[in-house]
Each structure stands twice: as C-alpha cells, then as structure tokens.
Amino acid sequence: MSGRPLRVLLLEDSPADAELVVAELRRAGFEPQWERVQSEEECVARLRADLDVVISDFSMPGFDAVRAIELVQEHVPHVPLIIVSGTVGEETAVAAMRRGASDYLLKDRLARLGMAVTRALEQRDAELARRDAETAFLQAQKMEAIGRLAGGIAHDFNNLLTGIMGYAELLLQRLDEDSLRSDAEQILRTAEHGAGLTRQLLAFGRKQAMRLEILDLNQVLQGVQGLLRRLVSAEVALDLALAAEPIRVHADRTQLEQVVLNLAVNAGDAMPHGGRLRLSTRRRRLDDGAVATQLSLEPGVYGILEVADTGVGMDEATQARMFEPFFTTKEPGKGTGLGLATVFGIVKQCGGQIAVETSPGEGATFTIFLPSDEAARHDL
C-alpha cells in the first residue's frame with residue numbers, strides 16, 4: 001500500500017543524511033516527493049506554494065536554518081519548516097522556533113520525525129482554515145455593509161424618481177407640441193431607467209419586497225428559454241439540462257427569472273467569440289458536514305441551479321469583488337456593475353447561497369442553492 005504523498009524540500013549538505021530523513025518519512029507512512037538543496041540560491045528557486053514541508057539542517061556552508069526560516073516566511077509562509085540537526089543545542093533550537101520553525105529534532109532521534117511532520121501539517125491546515133474563515137467573515141461583513149448602504153440610498157432615490165416620473169407623465173398629458181413631448185418622453189424614459197437601477201440596488205440590499213412561493217426551477221427555466229436565446233450571441237451554444245423530476249424551491253418568480261437572465265447576460269459577455277452556456281437543475285440534500293465545510297446553509301434539501309460558461313473566467317482579485325455593486329471589468333458604458341450584485345441580493349433574500357468556481361481562461365460555474373420544501377413535492 002502506498003503512503004501519504006508528501007512534497008518535501010530538504011535543505012541538507014549531506015546526501016547520506018538526506019537519505020536517512022527520506023527513509024524515516026517512508027517508515028512513518030509517507031511517500032516523499034523530495035528535492036535536496038544546500039545553498040540559499042537553490043532554496044529560493046525551489047520554494048513553491050505546493051510544498052508540504054521544508055526540512056532543514058541547522059548549519060550548512062554559507063547557509064543556515066535561521067536564514068531558511070526567513071526565506072520560507074517570505075515566499076511560502078504557509079509551509080512549515082522543521083529543523084533536523086546533529087549539533088543544535090536546546091537554547092538555539094528554541095530561538096529558531098520563536099523565529100517561526102515548526103519543530104526541531106536531533107539526527108540521532110529521527111524516530112519522532114513522522115509525528116513532527118504530521119503535527120506540523122495539522123497545524124498548517126488548521127491555520128489555513130482559520131484564515132479562510134476569517135476572510136469569509138470579513139467579506140460577509142463588507143458585503144452586508146455595502147448592502148445596507150446601497151439599499152438605503154436606493155430606497156430614498158427611488159422615492160425621488162417616483163416623483164420625477166409622476167410629474168413627467170402629467171406633463172405629457174398637457175403637451176401637444178411634438179418637440180416638447182419628445183423632451184418630456186426622454187425625461188420619463190431616463191427616470192424609468194434610473195428606477196430599474198434602484199430596483200437592482202434594493203435587491204442587493206435585500207430591501208425589495210418579495211413574493212415567495214413554491215416554484216419549479218425547471219418551469220422557470222423553460223419559461224425564459226426563448227428570451228435567453230435572444231440575449232446571448234448566436235455564436236454561443238445554449239444547453240438546458242433539466243432534472244427529470246420537478247425541482248421545487250421557495251422563491252419570487254420574477255426575481256428568480258432576473259437571476260437567470262443576469263447570469264446568462266454575464267456569461268454571454270464573458271464569451272465574446274462564442275462558446276457554450278449550460279443551465280442545469282438538480283436536487284441535493286446537505287448534511288451537517290457539507291454545510292460546515294462548504295456553505296453557510298442549514299442542513300436540508302436544496303434545489304440547485306447551475307449556470308456554467310466556457311468564457312474568459314475570473315482571477316482571484318476579480319472573484320473577491322464580483323458581487324460588489326458597481327464593480328465591473330467591462331469597458332466604460334458597457335455595464336453598470338449591478339448584474340451579479342443583484343443576483344447575490346436576490347439569492348440571499350431567498351435564504352439561499354451562491355458558490356462560484358472559476359479561473360482565468362477556464363470559464364465560470366455559478367451554483368445557486370435555494371431552499372426546497374420536500375413536503376410540497378406533490379403540491380404543484
């Protein structure tokens with residue numbers, strides 16, 4: 001039986017000692033994929049983000065573990081470094097650990113190496129999970145604050161636009177001259193466009209009134225299929241992969257249709273030279289484990305809408321801001337930056353969640369989880 005894969009960088013000037021370390025890792029149940037270096041230049045060249053652990057002798061000609069710790073913290077701070085030495089004293093080892101080393105061992109006591117590596121990896125994974133949770137929490141707080149601000153502004157601005165549209169309509173009723181009517185009609189159209197934007201902001205801020213009902217996701221997609229084909233370029237192939245059984249969810253029909261259309265438009269813009277847009281539905285039960293590790297949702301049954309494209313994809317910087325209102329990567333005048341913000345607000349207001357998988361050049365897949373009522377399965 002093969003051992004647990006372990007990507008190791010060995011900082012060691014003795015080939016024989018390096019082989020001893022590798023043999024001990026194998027004995028401890030690992031299958032090391034390793035490289036040995038013995039200079040600062042070689043170390044820097046081989047420090048990669050996919051490393052699992054760096055194991056370093058304390059002192060080598062022109063290079064030592066203290067400098068190695070500095071290099072690891074500079075280039076791959078998430079990778080643990082363990083010191084294995086034949087001469088290091090306890091005070092020196094403790095000082096090295098204070099600088100950032102995960103552990104230290106004497107070369108004549110290598111039997112503890114497997115346990116030290118396992119503990120270092122567990123600590124690394126726990127720290128990465130903590131950082132991810134902290135980042136997600138801060139992002140959620142940021143989005144909540146933006147949502148409150150956007151919703152508050154949109155609510156007040158919508159009241160102003162309602163007055164503008166009302167007076168514009170009264171003016172149109174009293175005007176006979178064509179040139180003046182044209183001006184008044186332009187005022188009304190512009191105000192209506194502004195009202196449309198404020199509705200999107202209200203959706204993002206979760207302040208738009210919703211009429212939640214039990215809907216079949218399949219029927220919603222079938223209902224907008226014709227409009228979808230008109231929205232996307234003829235060079236984009238549109239596929240609908242609907243579940244064989246109804247997928248019943250709690251949502252507002254009009255706003256759910258808006259979610260589908262916004263995602264389709266966004267996907268079409270990401271495929272300027274053509275590609276494939278696939279919309280699919282399915283049902284999934286989320287247990288406690290899945291909820292805890294993947295999504296901030298209560299355990300239960302969810303209807304899933306997946307929108308996948310073969311477009312340009314998004315880098316990490318874009319992903320971090322993609323749901324912010326007014327954030328857009330499009331050229332000036334070609335987008336308001338409210339499409340994904342609106343999707344985010346509607347889905348959250350329905351009690352759902354969005355997961356996104358994307359990378360540059362690899363397209364994007366938006367997976368929307370909406371609460372499902374199993375008891376209502378036969379009620380539609």
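**View 1. Strands S9 and S11 pair in the parallel sense in this predicted model.** The pairing of S9 with S11 (residues 275-286) runs over 6 bridges. Within S11, arginine 276 is the bridge partner of alanine 237.

**View 2. S9 and S11 belong to an open sheet of 5 strands.** The strand order is S9-S11-S12-S14-S13, and the pairing is mixed. S9 (236-241) and S13 (353-358) are the edge strands; each has a single partner strand, so one side of each is left without a neighbour in the sheet. On average, and with direction ignored, neighbouring strands here are turned by 20° against each other. Helix H8 (residues 253-269) packs on this sheet and touches S11, S12 (300-309) and S14 (364-371). The direction of H8 makes about 170° with that of S14.

**View 3. Aspartate 252 sits in the loop between strand S10 and helix H8.** S10 covers residues 248-251. With a relative accessible area of 9%, aspartate 252 counts as buried, because the cut-off for that class is under 20%. A polar atom of the aspartate 252 side chain lies 3.0 Å from the backbone nitrogen of glutamine 255.

**View 4. The largest nonpolar core has 38 residues.** Leu277, Phe366 and Ile368 have the most contacts inside this core. Two or more residues each come from helix H7 (217-231), S9, S10, H8, S11, S12, helix H11 (339-349) and S14. H8 gives the largest share, 7 residues. In soluble globular proteins, nonpolar side chains tend to be buried together.

**View 5. Isoleucine 368 has contacts with residues from several parts of the chain.** Leaving aside residues up to four places away in sequence, isoleucine 368 touches Val259, Leu263, Gly303, Ile304, Leu305, Val343, Val347, Gln353 and Ile354.

**View 6. Phenylalanine 323 and phenylalanine 344 form a tilted aromatic pair.** A search of the whole structure finds 1 aromatic pair. The ring centres of phenylalanine 323 and phenylalanine 344 are 5.2 Å apart, with 35° between the planes. Phenylalanine 323 lies in the loop between helix H10 (316-321) and H11, and phenylalanine 344 lies in H11, so the pair ties together parts that are 21 residues apart in sequence. Phenylalanine 323 and phenylalanine 344 are both buried.

Terms used
Residues numbered from 1 in each chain as written. Predicted model: local features only at pLDDT ≥ 70, side-chain atom pairs only at ≥ 80, totals over all residues. Heavy atoms only, no water. Pairing = 2+ DSSP bridges. Helix = DSSP H or I, 4+ residues; strand = E, 2+ residues; numbered from the N terminus. Axes fitted to C-alpha atoms, helices over the stretch in contact; angles between N-to-C directions. Contact = heavy atoms within 4.5 Å. Buried < 20%, exposed > 50% of the residue type's maximum accessible area, 1.4 Å probe, protein only. Polar contact = N/O pair within 3.5 Å; in protein donor to acceptor, adjacent residues only side chain to side chain. Core = buried A, V, L, I, M, F, W, Y, C linked by side-chain atoms within 4.5 Å. Phe/Tyr/Trp six-rings, centres within 6.5 Å; stacked < 30°, edge-to-face > 60°.
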